[in-house]
Amino acid sequence: MDQDLLMRSILEGGQEEVPAHVWEGVSAGLDKAARRRKVALWWRRAAVGGAVAAAVAAVLVLNPGGSGDDIVPMDEGSGLIAVVEPVDTSDSVNPEEVLIAQAEPVVRPASAGRRAENAAEAVAEVTEAMELTEAVEQAGTSETVDVTDTVEKSEANADPAAEASRKTVSEKTYFPEDWGEDEEKTAKVKTSLTLSGLTGTNSAQNSARRNLIKRPSISKAPAKTGIKETSTNSTYGIPLSFGAGVKFDFTPKWSLGVGVNYSLLSRKFYGEYQKVDASGIIESSTSSDITNTQHYIGIPVNAFYNIVNSKSVNFYAYAGGAVEKCIADKYALANTSITHKEVPAGVQWSANVGIGAEFMIGNHLGLYIDPSLRYYFDNGQPKSIRTAQPFMLGFEMGLRVRL
Amino acid sequence: MFPICIRYIGDRVQAEDVLQDGFITLFEKLDSYKGDGSFEGWARRIFVTTSLMALRKKDALKMSEELDTARGMKAETVSQVQNIGYKELMALIMQLPPGFRTVFNLYSIEGYSHKEIGDMLGISETTSRTQLSRARIWLQKKLKEND
């Protein structure tokens, strides 16, 4: 009797007692997997809900018809914006904390052994193995003999019929060439949470419009308390943005990203703070260096096209736009306690196009960097780097969490 | 299925964990069983796969290099195997070095060919044959010692 068949018959008749804690662990693992599915579903729904809420907020808050104080620009006749120089800021982009969905830890008996936490991973791995095709089974198994020692030669001389009979012994399985590759196949639309920081550069200033630009329309209303810019020179700080978003992968190639971001613009100029009474008479006037900071809240929307999609790095191109509302336009006079705040009317529209790379850290976390070219439309917004240099090169980087 | 896990892992305690993972996978993927072939065979495949995944994670699939001195020994007949029972055979298999044991299980017990084993484990057919031969030599040596 063939040695292998004999051993097989001996082993198939054997039984082993399974400790009770194994079944407890199975139960706990199944509960854990069910909870993870619920959490993932909850995050996905929260992401969708957040995107919808952001869109609704945009409709409600970004009211282009609202009125607000306008800054009366100085030097109305010149219309000339001098060469701008960036001001190095000491602030650096600080990435936000990573949001990682974690299910609750499972309380298991101490004797249950290993990790219900890894059950989902094991399930995914085995699923991968189970679902691969049976190419090996169907391929011809013409084994060539190339052995040297005595025992190996005896193997080579084995009866081909016995060899062929192996194929009928047990059900064949094709094990994947890439072992242990986790692959989420549960959702048709993959969702990712993004946390990002964006900064723009003034490197395009040489090509930016430095000559006459369309100035905000001059209000015909009586003079009111506000800032007068008495110098044509402004120094602009590097714009910074932070945000969070959701990215939906509709197909392997196309994705849609939507989010909410906050932007900080700053500039310094020499100007005058004029306090005007109700009758339009200037009560007081203070000249000083003035720091102007503008705070924007916006909703960016981008379409992504995946160029290269691998497990470790992704390359893609994207295009889209954003609508932003200036929620605060603040002026602070140096060496004084005088501050002034405006809420400009209207919104800032922009369009952007760029390429990006995402480096995967594990299966669910990716670090991405997206250089882009942005254009800010002239929407009558307060003077800023965006009005001085509508074309800007931006660098966005952040963390993307796959749900 | 527990004997399957024990045969591959070689350690009962670790095999319990693999058995646990295997059952979780089986219950999770019950709906994927389409009735092609026997349910036992489908379930067996899950546990074999789970065992091999566990070995791979522990980097225990390196092919063994032991028993170079045993090369040249002739293969004995099946008589020695006939004289042992399940427990003794299991104990011997569990003592096999991981590389020998994996190839031995896949070839002698599961019935895969050397080409299939090579594809599964990323080794050549020759390596698979060598590992199997040395596993058998090792078993024969142990059987002789036990006689």
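**Contacts, burial and cavities**

Modeller: Leaving aside neighbours within four places in sequence, B:Glu16 is in contact (heavy atoms within 4.5 Å) with A:Pro19, A:His21, A:Val22 and B:Phe2. This is a predicted model, in which local features need pLDDT of at least 70 and side-chain atom pairs count only at pLDDT 80 or more, while totals for chains, interfaces and linings use all residues. Residues are numbered from 1 along each chain as its sequence is written, chains are lettered from A and ligands numbered from 1 in the order in which they are written, and side-chain values use heavy atoms, with hydrogens and water left out.

Biologist: In which helix does B:Glu16 lie?

Modeller: Helices (H or I, at least four residues) and strands (E, at least two) are DSSP runs, numbered from the N terminus. B:Glu16 belongs to helix α2 of chain B, residues 12-28.

Biologist: Is B:Thr102 buried or exposed?

Modeller: Buried means under 20% relative accessible area, exposed over 50%, and partly exposed in between (1.4 Å probe, protein chains only). B:Thr102 counts as buried because its relative accessible area is 0%. B:Thr102 is part of helix α6 of chain B, residues 98-109. Between B:Thr102 and B:Tyr8 there are 6.1 Å from C-alpha to C-alpha, with the two 94 residues apart in sequence.

Biologist: How many cavities does a search of the whole structure find?

Modeller: Rolling a probe the size of a water molecule over the atoms shows where empty space is left. A cavity is a set of points, on a 1 Å grid over the protein atoms alone, where a 1.4 Å probe fits but cannot get out; lining residues have an atom within 4 Å of a point. Grid points are joined across faces, edges and corners, and a volume is the space filled by probe spheres set on the points. The search finds five cavities of 30 Å³ or more. The largest cavity holds about 330 Å³ of space. It is lined by 28 residues, and those closest to its centre include A:Thr194 and A:Glu396.

Biologist: Which element gives the largest share of that lining?

Modeller: β4(A) does, with seven residues.

Definitions and conventions. 1 Å grid on protein atoms, 1.4 Å probe; cavity = no way out; pocket = protein on both sides within 12 Å on 5 of 7 lines; lining within 4 Å.
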